[in-house]
Every structure is written in structure tokens, then in C-alpha cells.
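Student: I have a structure to go through for class. Can we take it a few residues at a time?
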Amino acid sequence: LENFSWDYAPVLSDNRDRSIQFSDLPGFTRSTYARDHALITPESRVWAGQPNWLNATTAHLISPTAATGANFVMFLAKLGPEGSAGPPPKGIERFIFVLDGLVDVAVGSSKSGEQLHADDYAYFPADTPHSINTLHGAGILVFERRYALPDRKAAFQSGSTQSLPVLPCAGEVFLLRKLLPQTADYDFNVHVMDFAPGEYLNVKEVHYNQHGLLLAAGQGIYRLADQWYPVQSGDAIWMAPYVVQWYAALGTQPSRYILYKDTTVDPG
Ligand code: UGY
Ligand code: MN
């Protein structure tokens, strides 16, 4: 170190450069898992291969461990060229949302199916053989859970987020789209919620449903229980039943989040 040239310039900088990556600080992360909520930020993701997934890795963010009591699994999957997903376990339904690349999905033994782009989604009912492949690579968000409605029947669904209608939501200013049918055949839904900078949830929500959230764009403050977390795109959030939840979109870009919500839990 005797001849090291010390640079004192950063000491006087006000750290307002938005390119500063706090996640690069040794030992620093915004990630936290609490009793009734969690924030899982990109620097905490651990990628691993999964049985029967080919040329693919997944980063599991939420799963029904004893610690969380979650009733669903949420993970990101990166598929390399000619990558494909393995089947979910027996009794498990699956929802995918394409974040990047092109994904070919097909149901049953059919070889030709549909090609999904970023912003498109597909839902595969439990015990429905299907394929999820990519030729050149893709990134997807996946929700899975045990189908809880033995007397009902859910059907394969697919579509593009943008082509869905914006639904009325009394007292709220965000734009809401629901990606699955709002019928008693589905035990969860996936909401896409868009906020302009400065917009926020009117209701400081407390409810019996669970959530898994991926902030797909933007920045803001998420309140969970009695904590206020600065959040940005790429962050994932787990919300247990009855956790206090509230969001304010900030910064210069619109916020969009993709939200799992169980719909047929018995509130009693
Ligand atoms: O539908 C919902 O429960 C949704 N508004 N919750 C949320 O954004 N945290
Ligand atoms: Mn909610």
C-alpha cells in the first residue's frame, strides 16, 4: 500500500448518482424475511437447476415452508437456448408470466401451441400435461399452488396483459387488470397493477388473502406491517394474511407490479 494513490473525491460526492449500486456494498441487502412479510431483492437470488427442467435455472422467492405458511410458490426461471420447464408435481396448478424472450407453450400431447412474448401469460390447470419451451432463451415468473377446489374445473388460459380490460376499482387510481377468469373455478388470480409516479394505494389494506408480488417496473415505498421499504423493479414481496400493506409509486417512471392473490380461502 505504500505507493497506493488514494482518491478522496468520493468523500465529497453527495451520492445522488442513481447508478450507485447499494447492492454492491459488502454484506448489504434490503432483503428480509419477517413473520408476516418478506422483501427479496435481486442481489439475494440464488439460482439452481430443477429436476426435469432442461437448460434452465430457477430462483425460488416464496414457498410454503413452515416459516412462511405461504399457500403458493413463486419463482423466477431463466431458460437458456432450447430450454424447457419440467412438469409441476401432481395436483399443482401453474401460472407463468413472460418477462423476456419468446416462450412456446402447448397443452396435452400437441406439438404446436402458442408463442408467448413479454407481457403474455398462461395458466395450466393441475394435472394437465403441458410443455413450456424456448428456442433462443426466455425469462419467466412462475406461480404454483395446490389446486384447492376438487369439485370445480379450471381450464387452460393464455393471453396478453395489454389486451385485457382495465377493471374499475372504487376509490383507487391505479390501473388494474386481472389475468385469470373471476369465477369460482379458480382459487387464485394474478393482478397487474400500474401506477404513475406519485400515485398510491388509497386503502391501507389488511385482508385474509395472501400475496406474492414482483415489482416489474418503477420505484416506490412499500409499507409492510410497521416497516416502510424503498423498493425498485426486480424486488419480490411476500405478504401473509392480515399484514398491513400499502404502496406509493415514486421516482420518474411508472410502476407496474404482478400480484398473486388467493381468491377462495375461507375467511373464517
Ligand atoms: O387486491 C389487492 O389485494 C391489492 N390491491 N393489494 C396490494 O396491492 N397490496
Ligand atoms: Mn392486497
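Student: Is Asn 55 buried, exposed or partly exposed?
Tutor: Asn 55 is partly exposed, because 14 other C-beta atoms lie within 10 Å. A residue is buried with 20 or more other C-beta atoms within 10 Å of its own, exposed with 12 or fewer, and partly exposed in between, with C-beta atoms placed from the backbone. This is a predicted model, where local features need pLDDT of at least 70, side-chain atom pairs count only at pLDDT 80 or more, and totals for chains, interfaces and linings use all residues. Residues are numbered from 1 along each chain as its sequence is written, while chains are lettered from A and ligands numbered from 1 in the order in which they are written.

Student: What is the mean pLDDT of the chain?
Tutor: The mean is 94, and 97% of the residues reach 70 or more. pLDDT is the predictor's confidence in each residue, from 0 to 100.

Student: New topic. Why is His 37 called buried?
Tutor: Because 22 other C-beta atoms lie within 10 Å of His 37.

Student: How far is His 37 from Ile 237 in space?
Tutor: They are 7.2 Å apart, C-alpha to C-alpha, and 200 residues apart in sequence.
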